[in-house]
Amino acid sequence: MSKKVTIILPTYNEEGNIAKIENQLRKLEGDFDVIFSDGFSTDKTYELITYPKIQEAKYRAFQMNAAAKYAKTEYLWFVHVDSILHPKSVLAIEESGYEIGCFRLKFDKDTFALRLNSYFTTAFRLRLQKLAFGDQGIFIRRDLFESIGGYKEIPLMEDYQLSVDINKMGKKIELIDLPIITSARRFEKGAFRTYFKMQKLQWKYRHGRDIFDIHKEYESYDGK
């Protein structure tokens with residue numbers, strides 16, 4: 001059976017997560033391709049990757065677009081390397097028939113605030129705002145991805161903009177009811193505080209503020 005899914009994983013200074021995500025890739029059911037796209041990490045990330053890899057661009061949107069050019073499969077599945085994947089995720093994508101979709105978000109820490117955040121991600125952000133973010137494991141048919149020109153090449157908000165572009169085409173971002181578990185590290189300064197900070201940055205982006213200024217503010221808050 002021909003491969004239908006290419007898993008694209010952007011990385012930057014993620015040496016502590018490479019062995020973990022590769023172990024998960026080996027446990028996924030189905031037949032798929034893998035491309036790691038490194039953003040010129042300054043640690044040992046690139047050297048530690050044992051799957052097919054490229055090092056051609058910096059910033060996540062640029063990295064994912066660079067990797068997508070090498071994909072030959074029907075679907076592209078964009079995955080963060082700190083995610084925990086359900087073993088049947090690839091099979092679910094193949095069997096879905098969806099043009100674009102994502103997975104049900106969970107966090108690797110169980111607190112009331114993070115459970116509430118997970119709930120609103122689906123109940124509000126996806127269903128009402130029609131937005132999917134990268135930590136939900138966005139997958140998309142390659143021909144649709146190419147027709148919208150891929151991710152807008154900006155240093156932040158590329159997943160937000162992808163959702164906007166898809167909505168303008170009248171397409172619906174579907175949900176696969178399998179969990180994708182993401183790191184709570186962005187919420188270490190407080191889940192509610194981080195949530196409202198992200199809403200503020202999205203507001204600035206929607207209202208045309210300079211994306212590089214928004215990126216600087218995000219980086220400053222994120223502690224990176």
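The second largest pocket of this predicted model is lined by Leu126, Arg127, Lys130, Asn167, Lys171, Lys172, Ile173, Glu174 and Leu175. By residue class, that lining divides into three nonpolar, one polar and five charged residues, and the space in the second largest pocket comes to about 150 Å³. Rolling a probe the size of a water molecule over the atoms shows where empty space is left.

**The sheet and strand β1**

The strands of the model include an open sheet of eight, arranged in the order β3-β2-β1-β4-β7-β6-β8-β5 with mixed pairing. Its edges are formed by β3 and by β5 (84-85), each of which pairs on one side only. Strand β1, residues 5-11, pairs with β2 in the parallel sense, and seven bridges join the two. Along this pairing, Leu9 has Phe36 of β2 as its bridge partner, while Pro10 stands opposite Ser37, likewise in β2.

How many of the seven residues of β1 are buried? Seven of the seven are buried, and the strand is accordingly described as mostly covered. In a regular strand the side chains alternate between the two faces of the sheet. In β1 both faces are covered, with Val5, Ile7, Leu9 and Thr11 buried on one side and Thr6, Ile8 and Pro10 buried on the other.

**Aromatic contacts**

A search of the whole structure finds nine aromatic pairs. A pair of aromatic rings is described by the distance of the centres and the angle of the planes; two of the pairs are listed here with those values.

| Pair | Centre to centre | Angle between planes | Class |
|---|---|---|---|
| Phe36 and Tyr51 | 6.3 Å | 40 degrees | tilted |
| Phe78 and Phe145 | 5.3 Å | 40 degrees | tilted |

What does the pair of Phe36 and Tyr51 tie together? Phe36 lies in strand β2 (residues 32-38), whereas Tyr51 lies in the loop between α2 (45-48) and β3 (53-54), so the pair ties together parts that are 15 residues apart in sequence. Phe36, which is also the bridge partner of Leu9, is buried, with a relative accessible area of 0%.

Elsewhere among the aromatic residues, Tyr75, Trp77, Phe103 and Phe139 form one cluster. Lysine side chains also meet tyrosine rings: Lys53 lies over the face of Tyr46 at 4.4 Å from the ring centre, and Lys58 lies over the face of Tyr59 at 5.9 Å from the ring centre.

**Helix α4 and the residue that follows**

Which residues of helix α4 are buried? In this helix, which covers residues 89-96, the buried residues are Ser89, Val90, Ala92, Ile93 and Glu94. An α-helix has 3.6 residues a turn, so residues three or four places apart point the same way. Helix α4 is followed by Gly97, and the phi of Gly97 is positive, near 75 degrees.

How values were computed. Residues numbered from 1 in each chain as written. Predicted model: local features only at pLDDT ≥ 70, side-chain atom pairs only at ≥ 80, totals over all residues. Heavy atoms only, no water. 1 Å grid on protein atoms, 1.4 Å probe; cavity = no way out; pocket = protein on both sides within 12 Å on 5 of 7 lines; lining within 4 Å. Points joined across faces, edges and corners; volume = space filled by probe spheres on them. Nonpolar A, V, L, I, M, F, W, Y, C, P; charged D, E, K, R; others polar. Buried < 20%, exposed > 50% of the residue type's maximum accessible area, 1.4 Å probe, protein only. Helix = DSSP H or I, 4+ residues; strand = E, 2+ residues; numbered from the N terminus. Phe/Tyr/Trp six-rings, centres within 6.5 Å; stacked < 30°, edge-to-face > 60°. Lys NZ or Arg CZ within 6 Å of the ring centre and 35° of its normal. Pairing = 2+ DSSP bridges.
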